Structure formats: structure tokens, C-alpha cells
Amino acid sequence: MKRFSKILERVGRGAGRVVGTLYQAGRDSIDQVLKNILPFMAFIAFIIGIINATRVGTAIANALVPLASNVIGLIIMSLIIGFPLLSPLLGPGAVIAQIIGSLLGTQFANKALPLAMALPALWAINPQVGCDFIPVGLALGEAEPYTVEVGVPAVLTSRFFTGPLAVIIAWLFTLVVY
Amino acid sequence: MNILVNFAVWFIGLFQAGAATFTGLVTGIIPLVIVLMTAFNALVALIGPERIDKLAQAAGRPGFWYTPIRFLILPVVSVFILTNPMAYTMGRFLPEKNKPGFYDAAVSFVHPPLGIFPHVNPGELFVWLGIAAGVTTGYGAAATAQLAILYLITGLIVIYIRGMWTQFLTNRTWNDEAAAAASAE
């Protein structure tokens with residue numbers, strides 16, 4: 001009987017832990033949706049709504065589609081966004097990448113851009129990822145001030161090369177797959 | 001009067017188009033993201049984030065054969081388990097010289113998994129979703145799934161190259177004496 005109650009206790013404790021963890025995970029997810037995802041959706045829906053309902057959309061499409069419909073244009077885009085002086089300014093919150101991505105998305109939606117350009121485009125809009133955050137990111141890794149001094153220019157100049165390289169790698173992949 | 005009515009119709013139409021987009025995003029994407037995030041948040045909590053400390057210690061060893069651990073496995077595992085921005089704390093187990101390369105590799109991996117593992121960076125979901133939602137509308141859900149997988153795979157290749165290249169650039173300007181002098185101050 002004693003053994004039986006011990007098993008019961010163990011099962012109960014284990015189940016309680018799993019249920020508690022799952023419940024907390026659900027709470028975290030809902031928190032994220034309410035605090036981060038829904039506000040951004042509202043913002044993007046507003047911008048895309050205006051763009052779809054006015055002629056602005058055509059103007060943006062005329063500017064972006066020629067750049068995004070071929071790999072050379074996307075490489076140029078990544079060179080601009082990944083330029084060492086611009087990338088830390090374009091980085092914060094990934095807002096620029098998210099807006100350009102959504103604008104390009106409208107052009108994929110009406111098939112103005114070919115499917116094969118989607119993967120290179122994902123890389124072309126994002127060569128600046130984390131460039132605004134280098135000192136903080138390094139500090140989170142408990143880096144010395146000297147490491148930050150050397151590391152910030154290293155990451156920034158590295159991106160100017162690896163940003164376009166990522167577009168080319170993605171493009172090679174799409175050549176094989178599509 | 002007619003002009004006013006037409007204006008009102010046009011004006012509200014601007015926002016109705018936005019509302020339609022919003023409905024599509026909320027009903028089409030949020031339920032899946034919530035369920036996926038709940039599953040992976042729970043998985044991460046059950047695994048326990050402290051278990052990757054050992055992996056990080058192995059990643060700091062010198063020699064070329066440890067670079068795939070340092071710039072590929074450690075960033076991927078850190079981003080998956082600790083998510084943005086806590087993933088960068090794993091740099092603390094690495095030698096100072098390796099920290100910029102690790103940061104570059106880790107921060108470059110906070111978007112490529114978003115199509116399959118949205119829990120790693122839900123606040124910046126639209127880096128992926130902006131294009132992905134358009135692809136779904138234009139080319140169907142299967143094309144988006146394929147894109148999600150390709151984005152993840154190219155991510156693995158790109159972060160390793162970024163880590164290695166940033167490491168190379170760091171080594172080129174690194175001066176051991178200056179580093180020692182700076183930390184002695």
C-alpha cells in the first residue's frame with residue numbers, strides 16, 4: 001500500500017509538472033501574440049490596405065519589381081541594406097526588413113514576382129540583421145570592451161560581403177529546386 | 001452631396017482593404033503560430049536551457065574541427081532553446097576572439113527557422129511572413145512550406161560562412177597585447 005501511494009505521488013507530481021509547463025508555454029505564446037505579433041499585423045494590414053486601395057501600390061511595384069525580379073537586382077538591394085554605415089540604422093526591430101518583405105509579399109501574391117525569387121528575396125531584405133545590436137549582443141556574451149571595439153567593425157564589414165553572398169547561395173538553391 | 005458620398009466611400013474603402021488583410025493574417029496565421037509556439041516553448045522548458053552549457057564549452061576549443069560546433073551547432077541550438085536575444089549569452093563560454101563570429105552566426109539564425117519554429121523570434125515574424133504570406137496567396141501553401149525548409153537550410157550554410165568570415169576579420173585586427181592591456185586596466 002505504501003509503495004502504491006508512492007507511485008501515485010510520483011505520477012501526480014510528474015503530470016502536474018508537465019501540465020504546468022504546457023500551461024505556462026501557452027501563456028507565453030498568447031503573451032507574444034498580443035504584445036508583438038498582433039500589433040505588427042495591425043500596422044502591416046493598415047499599410048498594405050492603403051497600398052492596395054490607392055495607386056501607391058502600383059508606384060511601389062514599379063520601383064521594386066524590377067529590382068526584385070532578378071538576382072542582380074537583389075544583390076544590389078542587399079549591398080545597399082548591408083552597407084556598413086546604413087546597416088546599424090536599418091537594423092532596429094527589423095522594421096525595415098519586415099516592411100520591405102511585406103511590400104514584396106504583395107507582389108508575390110499577384111504573381112508579379114516569380115516564385116523562384118522568394119528565397120533570394122528573403123536574404124536580400126535582411127543582410128543588416130542584428131547590426132544595430134552588436135555591442136549589446138557581445139555584452140550579453142560577457143565580452144571585454146576591447147572585443148567590442150574589434151568586433152563591431154568586423155561584423156559590419158563582414159556583412160557587406162556575406163549579405164550578397166547569402167543572396168547568391170539562395171539563388172543557386174532555387175536554380176536546383178525550381 | 002454626391003462628391004461627399006463618393007469621398008466617404010473611397011475613404012472607408014482604404015480601411016476596409018486593410019481590415020480584409022488583417023482578417024486574413026489573424027485567421028490564417030495566428031492559430032497555427034500559437035499552437036506551434038506553445039509546443040516548442042513547452043519542449044524547451046522540459047529540456048532545460050542549462051543543458052547547453054557543456055556544448056558551449058566544447059565550442060571554444062581551438063582548431064578548425066571545432067568551428068562547425070562554434071559557428072553552426074552552438075548558434076542553432078542556442079537560438080532554438082534560448083531564443084532571441086538570450087541566445088547571445090552563450091558567447092560567454094567562448095574565448096574573447098571568437099565572440100564576434102559567434103554573435104554574427106547566432107544573430108543571423110534568428111529569422112531562417114521562423115517558417116517552422118516561430119517561437120525563436122515571434123516579435124520579428126514578418127521578416128519571414130511578409131514574403132511568405134504573399135507566396136501563399138500567389139503560389140499556394142505547398143510552395144510556402146518548401147520555402148520555409150529552403151530558408152532554414154540556406155540559413156545553416158550562411159551562418160557558418162558568416163561566423164568563419166567574421167572570425168577571419170576579427171583575427172586580422174586582433175592584437176593580443178592590446179587586448180591584454182585593455183583587460184588589465
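A:T21 sits in helix α1 of chain A, which spans residues 2-53; helices (H or I, at least four residues) are DSSP runs numbered from the N terminus, as are strands (E, at least two). The residue counts as buried because its relative accessibility is 15%, where buried means under 20% relative accessible area, exposed over 50% and partly exposed in between (1.4 Å probe, protein chains only). Setting aside residues up to four places away in sequence, A:T21 touches B:A42, B:A45 and B:L46, a contact being heavy atoms within 4.5 Å.

This is a predicted model, in which local features need pLDDT of at least 70 and side-chain atom pairs count only at pLDDT 80 or more, while totals for chains, interfaces and linings use all residues. Residues are numbered from 1 along each chain as its sequence is written, chains are lettered from A and ligands numbered from 1 in the order in which they are written, and side-chain values use heavy atoms, with hydrogens and water left out.

## Interface between the chains

Chain A contributes 76 residues to the contact and chain B contributes 73 residues. Together the two chains bury about 6,300 Å², of which 76% is on carbon and sulfur atoms; buried area is the accessible area (1.4 Å probe) that two parts lose on being put together, summed over both.

One salt bridge is counted between chain B and chain A, a salt bridge being a side-chain nitrogen of Lys or Arg within 4 Å of a carboxyl oxygen of Asp or Glu. The partners are A:R159 and B:D104, with the closest N and O atoms 2.5 Å apart. A:R159 lies in helix α8 (residues 145-177) of chain A and B:D104 in helix α4 (residues 99-107) of chain B, so the pair joins two chains. A:R159 is buried, with a relative accessible area of 0%, and B:D104 counts as buried at 0% relative accessibility.

## Helix α4 of chain B

How many residues of α4(B) are buried? Nine of the nine are, so the helix is largely enclosed by the rest of the structure. Among these buried residues are B:K99, B:F102, B:Y103 and B:D104. The buried residues of α4(B) pack against α7 (134-140) and α8 of chain A, and against α3 (67-82) and α6 of chain B.

## Salt bridges within helix α1 of chain A

Over all chains, the structure holds four salt bridges. One of them links A:R13 to A:E9, the closest N and O atoms being 2.6 Å apart. Both residues lie in helix α1 of chain A, four residues apart, about one turn of the helix. A:R13 is exposed because its relative accessible area is 61%, whereas A:E9 counts as partly exposed at 43% relative accessibility.

A:K35 forms a salt bridge with A:D31, and here the closest N and O atoms are 3.8 Å apart. This pair also lies in helix α1 of chain A, with four residues, about one turn of the helix, between the positions of A:K35 and A:D31. A:K35 is exposed, with a relative accessible area of 61%, and A:D31 counts as partly exposed at 35% relative accessibility. An α-helix has 3.6 residues a turn, so residues three or four places apart point the same way.

## Nonpolar core

The largest nonpolar core has 87 residues, and those with the most contacts inside it are A:L104, A:F108, B:W128 and B:I131. Such a core is a set of buried Ala, Val, Leu, Ile, Met, Phe, Trp, Tyr and Cys residues joined through side-chain atoms within 4.5 Å. Helix α6 (residues 141-173) of chain B supplies the largest share of this core, eight residues. Not counting residues up to four places away in sequence, B:W128 touches A:L122, B:L114, B:G115, B:T144, B:L147, B:A148 and B:Y151.

A:G105 belongs to helix α5 (residues 95-109) of chain A and counts as buried, because its relative accessibility is 2%. Apart from neighbours within four places in sequence, A:G105 is in contact with B:G130, B:I131 and B:G134. The C-alpha atoms of A:G105 and A:A121 are separated by 9.9 Å, the two residues being 16 residues apart along the chain.

## Nonpolar surface patch

A nonpolar surface patch of about 840 Å² is made by A:I72, A:I76, A:L79, A:I80, A:F83, A:L85, A:L86, A:L89 and A:F160. Patches consist of residues with over 30% relative accessible area and no salt bridge, where like charges are joined within 9 Å and nonpolar side chains (Val, Leu, Ile, Met, Phe, Trp, Tyr) within 5 Å. Helix α3 (residues 71-81) of chain A provides the largest share, four residues. A:F83 lies in the loop between α3 and α4 (87-90) of chain A, and this residue counts as partly exposed because its relative accessibility is 38%.

Terms used
Areas by Shrake-Rupley, 256 points an atom, 1.4 Å probe, with all protein chains shown as cover.
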